[in-house]
Amino acid sequence: MNRQPGFSVRFKLTLSYAGFLMFAGLLLLAAVWVFLLRYVPDRAMLINPDDKFKGVFPVRSALLDVFAPRAAAVLAFLLVFGLVGGWILAGRMLAPLTRITDATSVATKGSLSHRIRLPGRKDEFRELADAFDTMLARLEAHVAEQRRFAANASHELRTPLAISQTLLDVARNDPTQDLGEIIDRLHAVNARAIDLTEALLVLSRADQRSFTREPVDLSLLVEEATETLLPLAEKRGVAIETSGDIAPAFGSQALLLQLTTNLVHNAIVHNLPGKGTVRAETGAGPETVVLTVENSGEKLSPQLVSTLTEPFQRATERIRNDHAGVGLGLAIVRRITEVHDGSLTITPRAEGGLRIAVQLPAPPALSPKDI
């Protein structure tokens, strides 16, 4: 933003300090005049020789002649002292602000690793500096995550495009190939690319927080997601069990349905084929609602589990079929949970599989009968 040049804050503070000092000096001189000089007589009078005061009592005009030049000199000294002292004092007071401004300038050039780290005890400037350092740390982490995500997304999108290009080259250069098989493979690759693109759009929508909040019952979303994914569960031989109470939340129904669907889908796909189980449960407390999804499966280490919410991370090797997923399921779950001011907890089960709990704040003004 272009602004017209103006006086610096340091100069304004210097004038303020000097002005206050001059005002205090004038008040002091006025007090001397009111409470001292006004009682001095205007005409000379003789003092009784027997009195302890000797000589002639001073008159007001004589005192003014002596007092006025010295008062003017004092005011001139106060003005100079106020300007010089105010300039130095304002500089010392604004030194932390200068460091914050310098750090801001460095950040605007793209360097987010710089920190102010203002020393000293807590005050307004240090609170501002600490808040700015925290903001820079979050921005740096967010930018790093976005760059890593963009690189991974580019890699994931390049793979189906490269496969499609290879299949088209084979079909063009070798007329003897079975076109039906090539078309089926192209269809599968294209479907994967579409799924990945849609997942990226969902993740972007969640990051932008461009959604309308409304009352949502998580228990109904669990039923809807389970009904949608039931054919996949039956195909894989996975039994799904749902239970729990009405769980009123407040947020985007579409995003929370996506969250629930991703959790159930992830629990079905990463399970024991033919004998796996999935359990989805909802619960409500005075201040929070909880959605818990557990599944059987392979035993996972805590180190591996801690990376599952990163984009394009999978607990097992990628399975080449129509329900393998694109590696964004739990990343989307984490982001949707964050934009709804909730928390996500993923823990490995001792007997194998995962237990994933999503905790969201309950709407304080709503009761279950309002949902």
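**View 1. Contacts that reach across the chain.** Contacts here are heavy atoms within 4.5 Å. Taking those between residues at least 6 apart in sequence, 71% join residues at least 24 apart. Welcome to a predicted model, in which local features need pLDDT of at least 70 and side-chain atom pairs count only at pLDDT 80 or more, while totals for chains, interfaces and linings use all residues. Residues are numbered from 1 along each chain as its sequence is written, and side-chain values use heavy atoms, with hydrogens and water left out.

**View 2. The chain and its surface.** Eight helices and nine strands make up the secondary structure; helices (H or I, at least four residues) and strands (E, at least two) are DSSP runs, numbered from the N terminus. The chain has 371 residues, and 31% of them count as buried. Buried means under 20% relative accessible area, exposed means over 50%, and partly exposed lies in between (1.4 Å probe, protein chains only). Carbon and sulfur atoms hold 59% of an accessible surface of about 23,300 Å², as given by the Shrake-Rupley method with a 1.4 Å probe, where for residues only the protein chains shown count as cover.

View 3. Aspartate 169 is partly exposed at 24% relative accessibility, whereas arginine 172 is exposed at 63%.

**View 4. Arginine 279 meets glutamate 281.** The side chains of these two residues form a salt bridge, 3.7 Å from N to O. Arginine 279 counts as partly exposed, with 31% relative accessibility. Glutamate 281 is partly exposed too, at 35%.

**View 5. A link between strands β9 and β7.** Look for the salt bridge between arginine 355 and glutamate 294, whose closest N and O atoms are 3.3 Å apart. This pair ties together distant parts of the chain: arginine 355 belongs to strand β9 (residues 354-361) and glutamate 294 to strand β7 (residues 288-295), 61 residues apart. Arginine 355 is partly exposed at 35% relative accessibility, and glutamate 294 is partly exposed at 24%. Arg349 and Glu351 join Glu294 and Arg355 in a network of salt bridges.

Conventions. Salt bridge = Lys/Arg side-chain N within 4 Å of Asp/Glu carboxyl O.
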